[in-house]
Amino acid sequence: MRAIVHSTTRAAWRLCLLTLAILLPALAQAQSADDAQPVTSLTISSSGALLVLQGSDLFAIEDGTLTEIALPATDQGAQPTSMARGADGSIYVAGPGLGVWRYDSAGESWQSLNDTLPDLGVTAMAAHATQPGTLYAYLGKDGMFRSRDGGAKWVRVDSGPPEPVLAFLHSDMPGSMESGWLFAATTRGVSRSMDCFCFWGDAGDLRGTVSAIGYDPAAPENVYAVIEGQLHHSADGGETWISLKTPQSVTALAFSPSQGLVVGTANGSLLARGGADQWTPVHE
Amino acid sequence: MPVVALTSGRLSMNKWVYSLVLLAAPVFADASGGPGSSESAPTGVAQGRQIYEQYCAACHGRQGEGAANWKKPDEKGEIPPPPHDETGHTWRHSDAMLFKMIANGWRHPFNKSDRLTMPAFGKQMTAQEIQSVIDYLKTLWTEEQRDYQKTESQ
């Protein structure tokens, strides 16, 4: 009888140890993933605060202080994938299943701008560099929509580039027939069009799936694009590109008036570019 | 008082008749077939077409069909002349922008030469002639495109 109890206890212990051996790595991985989510999108507020979209969280970092901003509450739990600052300083977020939302900083609330969009499948959005009410939303197969009144009325203006758009921006780089340029991060590379949507063409020979795109508002010919975590820079409006060394895989970028180029990384870090290939943490 | 009323009525009638004459005059002029008729001095769309054929058709095509590979820049980075018909993008621009383009020309920023991508015609055409060319171009678009361009022009 004793032998039976002993062997049963030993078997139970072995089972416990085996279960722990299987579960522990998974638990450890889950913990590290929670701690280090990739930065989804970055932008700079009108006061100079760095706004960080990371998973289902939005933070503002200013003077070393981090403040959490509650994102719009949706029934389906959709997460924003895109964030932009309008010419008047308004902050917008967008995402599939979410549509486009504007943040009211005075009321600390979000306003839906989706009344006239065909659906909420917005995969990317951008704000005009100089016209406060002009916004752009990309809805995949439905194409590119534009609003000139701050999101009250959306009009389909174009089908967009031939390849799917993952992110895009509006810049006031000179030389456009109209008021600026659109640079789109696509699965083929960077696509470029004047903001009359005359036609989309390749911006240089950079090839690959571009996951993030940004530019320097103070020198708009400087465009940055990320392909598989690798940061690339063009100093001539997308005609030619060079790669930039970064200590970590880049997932998002923005230009800060005080810190210059700031990137968000795959493990959740925020780094500012000092000199050539010199990166310093923005917020510990 | 009745005299004043009668005078005022005559003035109103004169204005009405004057307006009618102004509206009808081009119709009679077109119908006369003599010197100054639509054949020798066309107005509006007809004039625009004639000017288009004189200055624009050599590059943009007689029917506004544009160059064959107009979306592909050449070795100098120049964009070939685009179509002006419904397959192009002319309809995406406002009247004011089209006028500016025709009068002042335009250089594509990625053009590796110094020459204008679109030459300026401000010295060859009067403002009225440029507008008539724009009016003619509108006849090459779809109704939907005309509506879009009308909104862009507002």
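When I say helix or strand, I mean DSSP runs (helices are H or I, at least four residues; strands are E, at least two), numbered from the N terminus.

Before going on, a word on what you're looking at. This is a predicted model, where local features need pLDDT of at least 70 and side-chain atom pairs count only at pLDDT 80 or more, while totals for chains, interfaces and linings use all residues. Residues are numbered from 1 along each chain as its sequence is written, and chains are lettered from A, with ligands numbered from 1, in the order in which they are written.

Just after α2(B), B:Gly61 takes a positive phi of about 90 degrees.

Which residues of α2(B) are buried? They are B:Gly48, B:Ile51, B:Tyr52, B:Cys56 and B:His60. Buried means 20 or more other C-beta atoms within 10 Å of the residue's own; exposed means 12 or fewer, partly exposed is in between, and the C-beta atoms are placed from the backbone. An α-helix has 3.6 residues a turn, so residues three or four places apart point the same way.

The cover over those buried residues includes α4 (127–138) of chain B. Now look at α4(B) itself: its 12 residues should span 16 Å at 1.5 Å a residue, and the end C-alpha atoms are 17 Å apart, which agrees. Its buried residues are B:Ile130, B:Ser132, B:Val133, B:Ile134, B:Tyr136 and B:Leu137, and their cover includes α2 and α3 (95–104) of chain B.

Zooming out on chain B: it has 5 helices and 0 strands, and buried residues make up 18% of its 154 residues. Take contacts in chain B between residues at least 6 apart in sequence, and 52% join residues at least 24 apart. A contact means two C-beta atoms, placed from the backbone, within 7 Å.

On to chain A. Its secondary structure is 1 helix and 24 strands, and 39% of its 284 residues are buried. The average pLDDT, the predictor's confidence in each residue from 0 to 100, is 89 for chain A, with 87% of the residues at 70 or above. Where pLDDT is low, the predicted coordinates should not be read in detail.

Now some strands. In chain A, 4 of them form an open, antiparallel sheet in the order β1-β2-β3-β4. β1 (41–44) and β4 (65–69) are the edge strands, each pairing on one side only. Pairing here requires at least two DSSP bridges between the strands. β1(A) and β2 (50–54) share 4 bridges, and A:Thr43 has A:Leu51 as its bridge partner.

In the loop between β3 (57–62) and β4 of chain A sits A:Asp63, with a positive phi near 50 degrees despite not being glycine. Is A:Asp63 buried or exposed? Exposed, because it has 7 C-beta neighbours inside 10 Å.

Further along, β18 (223–227) and β19 (230–234) of chain A pair antiparallel over 5 bridges. They form a hairpin with 2 residues between them, and A:Glu228 in the turn has a positive phi of about 45 degrees. A:Val226 stands opposite A:Leu231. β19(A) also pairs antiparallel with β20 (242–244), over 3 bridges, with A:His233 facing A:Ile242 as bridge partner.

Last one: A:Met144, in β11 (144–147) of chain A. A:Met144 counts as buried because it has 24 C-beta neighbours inside 10 Å. Leaving out residues up to four places away in sequence, A:Met144 touches A:Tyr136, A:Tyr138, A:Val157, A:Asp158 and A:Gly160. A:Val157 is 13 residues away along the chain, yet the two C-alpha atoms are separated by 5.9 Å.

Technical notes: The expected span of a helix is 1.5 Å times one less than its number of residues.
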